[in-house]
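Me: I'd like to talk through the pockets in this one. Can you take my questions as they come?

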Amino acid sequence: MFSFCTDPSTLPDWQWMACYLTTGKHMSIYTSVLTVLLLLGITAPIALAFGFGGATAARSQITPLRWFGKTYIALVRGVPDIAFFLFFVIALDQAVEYLRHKVLCPGWEAPIRQGNDFVVCQAAKMPLGNAPQWVHESYGFGLAVLTFAIVFGAFAANVLFGAMRAVPRAQLETAEAYGMSQRQTFWRVLVPQMWVYALPGLSNLWMVLIKATPLLFLLGVEDIVYWARELGGTKTPRFTDYPHGDWRMWYFLALLVFYLLFTRVSEIVMARIMSRLTHGQATAGGEAQRKAAA
């Protein structure tokens with residue numbers, strides 16, 4: 001904080017605002033922006049891996065594996081995101097605590113389910129009650145990453161499944177005619193060519209993932225929407241050195257600008273990736289590049 005912030009009530013407006021925007025609580029909202037970016041950076045590749053696994057399973061010739069892949073895609077895509085977020089996190093958390101309870105507290109005689117309460121021994125709690133704050137935050141963040149990855153992995157699986165089917169069959173037959181095995185055809189022909197068909201759908205999914213980050217507050221993570229609502233609410237002199245009225249509109253306007261800029265940068269990056277992938281491909285984009293070069 002600036003050195004002239006010792007007595008905010010005597011400061012001119014611009015200095016007051018400078019001091020206000022550098023308080024400890026405001027540092028929390030700046031940190032939460034990094035939390036959102038970190039969530040996206042970790043979740044996107046994990047969700048893509050889930051999606052690739054689900055799409056591969058859905059087109060497998062092994063019937064149980066194919067059923068598993070298609071069930072995963074249909075089940076997760078068919079449940080509203082907010083309902084899945086509320087249910088899955090609670091179910092996963094209780095499942096972990098239940099397993100820990102069975103291992104760490106074998107002598108426990110009381111029922112775990114007591115009406116609406118889920119009661120396990122203290123040693124089985126996740127995280128432990130006496131654990132440092134960063135452990136609680138890391139645990140919540142890890143649950144958020146896993147939940148986001150499962151949800152958006154199902155959508156990615158549907159996109160990749162369609163992209164795999166869009167690769168011309170003649171390409172695969174040519175590879176087989178040259179003596180490639182099924183595995184070689186999959187990794188050397190199908191997978192490299194499917195990305196050009198998958199990228200439009202994956203780019204839309206990336207945009208939806210960006211817009212879904214405010215759901216973090218459902219998982220107990222203090223994200224930028226939480227802090228915008230917290231900081232923007234009316235503050236009285238009794239509780240703060242920086243009293244103000246209801247400023248939530250301005251905070252959410254700042255969030256609007258942030259998300260619009262972020263999506264615009266994402267569009268530019270996706271367009272460049274698409275241009276690179278379609279180069280030399282027998283697609284409309286690749287044909288346009290060929291004619292432009294000629």
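Reply: The largest pocket holds about 470 Å³ of space. The residues closest to its centre, out of 15 in the lining, are Arg-59, Gln-61, Gln-182, Arg-183 and Phe-186. Keep in mind that this is a predicted model, where local features need pLDDT of at least 70, side-chain atom pairs count only at pLDDT 80 or more, and totals for chains, interfaces and linings use all residues. Residues are numbered from 1 along each chain as its sequence is written, and side-chain values use heavy atoms, with hydrogens and water left out.

Me: Why is this called a pocket and not a cavity?

Reply: On a 1 Å grid over the protein atoms alone, a cavity is a set of points where a 1.4 Å probe fits but cannot get out, whereas a pocket is an open set with protein on both sides within 12 Å along at least five of seven lines; lining residues have an atom within 4 Å of a point. The volume is the space filled by probe spheres set on the points, which are joined across faces, edges and corners.

Me: Which helix gives the most to the lining of the largest pocket?

Reply: Helix 7, with 6 residues. Helices here are DSSP runs (H or I, at least four residues), numbered from the N terminus.

Me: What is the volume of the second largest pocket?

Reply: About 400 Å³. Its lining has 16 residues, with Thr-35, Glu-137, Phe-141, Val-221 and Glu-222 nearest the centre. Helix 5 supplies the largest share of that lining, 6 residues.

How values were computed
Helix = DSSP H or I, 4+ residues; strand = E, 2+ residues; numbered from the N terminus.
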